[in-house]
Amino acid sequence: MRPCLYWLYCGSERLIAVQAKQGGLWGDIDYEGNWVIPPMFRRAFRFTEGLASVTDADGKSGF
């Protein structure tokens, strides 16, 4: 099943950061539209050199 998306960031490193419509959380999909990292973050940005900045449900940020 393809994800139902609300918003996305330009992909890099073969992943695309996307916000799911249901729940509004962020995760990453591959170029075929399959979830690689399920939506579990309040904020997520695109990968650069193997890392992506994220904010979890508690508001803690990291890579």
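Visitor: With which residues is Leu15 in contact, once its neighbours within four places in sequence are left aside?

Guide: In this predicted model, Leu15 is in contact with Asp28, Ile29, Asp30, Tyr31, Val36 and Phe47, leaving aside its neighbours within four places in sequence. Leu15 itself is found in the loop between β1 (5-8) and β2, and its C-alpha atom is separated by 9.5 Å from that of Gly33, 18 residues apart along the chain.

Visitor: Why does Leu15 count as buried?

Guide: Buried means under 20% relative accessible area, and because the relative accessibility of Leu15 is 14%, Leu15 counts as buried.

Visitor: What makes Gln22 exposed?

Guide: The term exposed requires a relative accessible area over 50%; Gln22 has 77%, and is therefore exposed. Gln22 is found in the loop between β2 and β3, and the C-alpha atoms of Gln22 and Pro39, 17 residues apart along the chain, are separated by 9.5 Å.

Visitor: What makes β2 mostly covered?

Guide: Five of the five residues of β2 (residues 16-20) are buried. Ile16, Val18 and Ala20 point one way from the strand, while Ala17 and Gln19 point the other way.

Notes
Residues are numbered from 1 along each chain as its sequence is written. This is a predicted model: local features need pLDDT of at least 70, side-chain atom pairs count only at pLDDT 80 or more; totals for chains, interfaces and linings use all residues. Side-chain values use heavy atoms; hydrogens and water are left out. Buried means under 20% relative accessible area, exposed over 50%, partly exposed in between (1.4 Å probe, protein chains only). Helices (H or I, at least four residues) and strands (E, at least two) are DSSP runs, numbered from the N terminus. Contact means heavy atoms within 4.5 Å.
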